[in-house]
Amino acid sequence: MKDNVSVQGTAHSDRIHDSAIKHVTGRADYTDDIALPAGALHAYLGVSDVAHATLKGIDLAAVRAAPGVVGVLTAEDVPGVNDISPTGLNDEPVFPTDNIQFHGQPLFAVIAETRDAARRAAELAKVDCDVLPHALDPIAAQDAGCPYVTKPLKLERGDIAPAFKTAPHRIKGRMNVGGQDHMYLEGHIAFAIPGEDDEVVVQCSTQHPSEAQHMVAHVLGVPSNAVVVNVRRMGGGFGGKESQMNLFCAVAAIAAKKWNRAVKIRPDRDQDMTATGKRHDFVIDYDVAFDDAGRIEAVDGSFAARCGFSADLSGPVTDRALFHADNAYFYPNVRLTSHPMKTNTVSNTAFRGFGGPQGVIAAERIIEEIAYATGQDPLDVRKANFYGGEGRDLTPYHQTVEDNILDRLVSELEDSADYRKRRQDIIAFNANSPVLKKGIALTPVKFGISFTATWYNQAGALVHVYNDGSIHLNHGGTEMGQGLNTKVAQIVAEAFQVDIDRIKITKTTTEKVPNTSATAASSGTDLNGMAALDAVKQIQARLVDFAVKKWEVAPEEVLFRANEVHVGAETIPFDTFIKQAYLARIQLSAAGFYKTPKIHWDRDKGQGRPFYYYSYGAACSEVTIDTLTGEYRVERTDLLHDVGRSLNPALDKGQVEGAFVQGMGWLTTEELWWDDAGRLRTHAPSTYKIPLASDRPRVFNVNLADWSENRELTIKRSKAVGEPPFMLGISVFEALSMAVASLADYKTCPRLDAPATPERVLMAVNRLRDGG
Ligand code: MTE
Ligand code: MOS
């Protein structure tokens, strides 16, 4: 079917987010905006104030006696299985029975007439426990002999030992990479309404309604068919609502069934930050061998992660760190190992990039090391090591890189950002500027698209055409601001050749599409867009068949065009045609399905094709640092990002900009800090600093590589966009590093740890100035 320009808002065109106006006028409904039924109650979590202990008992008498309190939930009140671990490892209780595993761990929930009453009462519990020694970070955990929280991974190709022996150069180093709080505008929230018999409906803010449904069923001890989970939209998820919502859904549902009243739970920001998981921090040990030209010969990398007390998604997150530890570079001989350490901290979870950024930054650190050691422009070292050329296209996990476009993409950005000249100017500026120093860096990203858990790469959709010609669209993906619903609606509009306004976007619900995957791994549009298209095609096939019989034409003579259907010589308005089909008893509804082809992965062997394709991008950032205070600002950033054939350039650019800024925040100002007692001290925006509008690059040029087209048969040849541009923020980090390196004539790699807060930059400046 040909594209038709006279239809409004179809694929490959700019189209505002379907809820944009509602978002900015405050008329978009979030879970907290839903009117409560009469008699609704509120829950609040009571948490531990020690990091590790044997739990002997909780005295809840004062809690129960507090004004407004209806009751308390503890582990004993869980009617089904007291476990909400998303991987089935049975290591994450709703509430613990005998063991406290982190400071801030939820121990019980208070149920009260008001949220305020519940919150005040939660403070009144007396916890009886025997404190045990705790390990907070991955190195402390390794030193204390703590176990892995989940099975580690090894990726290996070639033979590193001989390469390390014979290569002319070898550098070893360690890099600390901090975690990150999701800081979604809307925090966690769940609201459960009990139904008759075993039924319950949960309204919440989750990226993974099917998992929430299955978890609620599991903790209630009822089959999944008794539980409905609904999500209209989230006020941001960023991975933080992939599995972390399970706890809140479970608490609300258990309480709703126990008291037979609707129950809502919404932690405040401090509790949201302390009781739910974040991006994993990593300690990365690298060892690299290279030749005089800076070409890598071997890499040995060890990735230890702070996973927290339970596995949650730490297995796939630490796996993805290894999958991206090559970034854009060919390692002829390589060994990469993950060390997912169990620690006495909140269980870390998915966060945009899902471990990938922590792998990519290790690759970029290796490039920096080589560049400073060989006295080259880091961009030249990058180019010398790009995938491509005879025998240089195999990743450490044995997938061949077939679609590499980085040579072109990076060269284009290098030109449009005027990188070479600006770098020379900066070096000249630094030579004459005693206090202010500048830095510039151009960094690439290659990001693998698909869930590495192969079975996750499936999706469903449900499309109804009502007999007035209006269309109801439902699919398994969730909307968190990224514009998934708009894109899928564009796909449906284009397939039917109708205006997008004819399509009603509806909430995600486990009642309409079952067994969905989390909206994650950036694959929401790839998967759900294809499933919706499949549903449309089924309906269209029936409509064509109907027209062929009724008007006695050939199938090729039935064409969907600009809100009309052409049948032979006749032109019928879409709604009239649909009414006729309805009267002829044509089924006007279909369930669509899609599964990603070509992918497979053998984790034990560390080999396969985990990714359907790669998304690429590059960023060039310039910064100025103040060597007296360590403060800095981003002067200019140029981004060039590959989204294949963009389904909606306006939305895609929004994703690229937002992801870049979030990535920059991760590596600059966002610092998570635990004290020795294991208490997170940066648990509110007062102490945890995300980028402000004033922190954005002074000059910000954002472009999509409009010539790119996915070589795989993805939806309309587009590419996933949600996570890959997050790693463009690394350009800011590397530019800061260059500015610091100027203090020692660019001869020493500053080895900045992340986040490079002004404090860290200042310390690095002083270190380099003192010659070490
Ligand atoms: N954009 C907004 N505005 N809000 C979000 O929470 N999450 C990111 C990304 N972009 C997020 C976002 C993450 S972590 C992922 S995996 C993708 O969106 C998920 O959506 P998609 O698969 O539809 O791209
Ligand atoms: Mo995104 S971290 O895959 O939710």
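**View 1. D545 and K549 pair up in a salt bridge, with 3.0 Å between the closest N and O atoms.** A salt bridge here is a side-chain nitrogen of Lys or Arg within 4 Å of a carboxyl oxygen of Asp or Glu. This is a predicted model, where local features need pLDDT of at least 70, side-chain atom pairs count only at pLDDT 80 or more, and totals for chains, interfaces and linings use all residues. Residues are numbered from 1 along each chain as its sequence is written, chains are lettered from A and ligands numbered from 1 in the order in which they are written, and side-chain values use heavy atoms, leaving out hydrogens and water. D545 and K549 sit four residues apart in helix α15, so about one helical turn separates them. Helices (H or I, at least four residues) and strands (E, at least two) are DSSP runs, numbered from the N terminus. D545 is partly exposed at 39% relative accessible area, while K549 is exposed at 60%. For these labels, buried means under 20% relative accessible area, exposed over 50%, and partly exposed in between (1.4 Å probe, protein chains only).

**View 2. D181 and K278 meet through their side chains in a salt bridge (3.0 Å, N to O).** D181 comes from the loop between β8 (169-177) and β9 (190-194), and K278 from the loop between α8 (269-275) and β13 (282-290), so the pair ties together parts 97 residues apart in sequence. D181 is buried at 2% relative accessibility, and K278 is buried at 0%. The structure holds 47 salt bridges.

**View 3. D638 forms a salt bridge with R422, the closest N and O atoms being 4.0 Å apart.** This one links distant parts of the chain: D638 belongs to strand β28 (residues 632-641) and R422 to helix α13, 216 residues apart. D638 is buried, with a relative accessible area of 4%, and R422 is buried too, at 9%.

**View 4. F429, V435, L436 and L628 make a nonpolar patch on the surface.** Patch members have over 30% relative accessible area and no salt bridge; like charges are joined within 9 Å, and nonpolar side chains (Val, Leu, Ile, Met, Phe, Trp, Tyr) within 5 Å. F429 sits in helix α13 (residues 419-432) and is partly exposed at 32% relative accessibility.

**View 5. I471, F496, L543 and F577 touch the most other members of the largest nonpolar core, which has 160 residues.** Helix α15 (residues 524-551) gives the most to this core, with 13 residues. Such a core is a set of buried Ala, Val, Leu, Ile, Met, Phe, Trp, Tyr and Cys residues joined through side-chain atoms within 4.5 Å. Leaving aside neighbours within four places in sequence, I471 is in contact (heavy atoms within 4.5 Å) with residues including V463, V492, F496 and F574.

**View 6. T508 is found in strand β20 (residues 508-509).** T508 is buried, with a relative accessible area of 6%. A polar atom of its side chain lies 2.7 Å from the backbone oxygen of G477. Beyond four places in sequence, T508 touches residues including P209, V229, H475 and T478.

**View 7. G460 and N528 are 6.4 Å apart in space, C-alpha to C-alpha, and 68 residues apart in sequence.** G460 lies in strand β17 (residues 458-465) and is buried at 8% relative accessibility.

Definitions and conventions: Polar contact = N/O pair within 3.5 Å; in protein donor to acceptor, adjacent residues only side chain to side chain. Areas by Shrake-Rupley, 256 points an atom, 1.4 Å probe, with all protein chains shown as cover.
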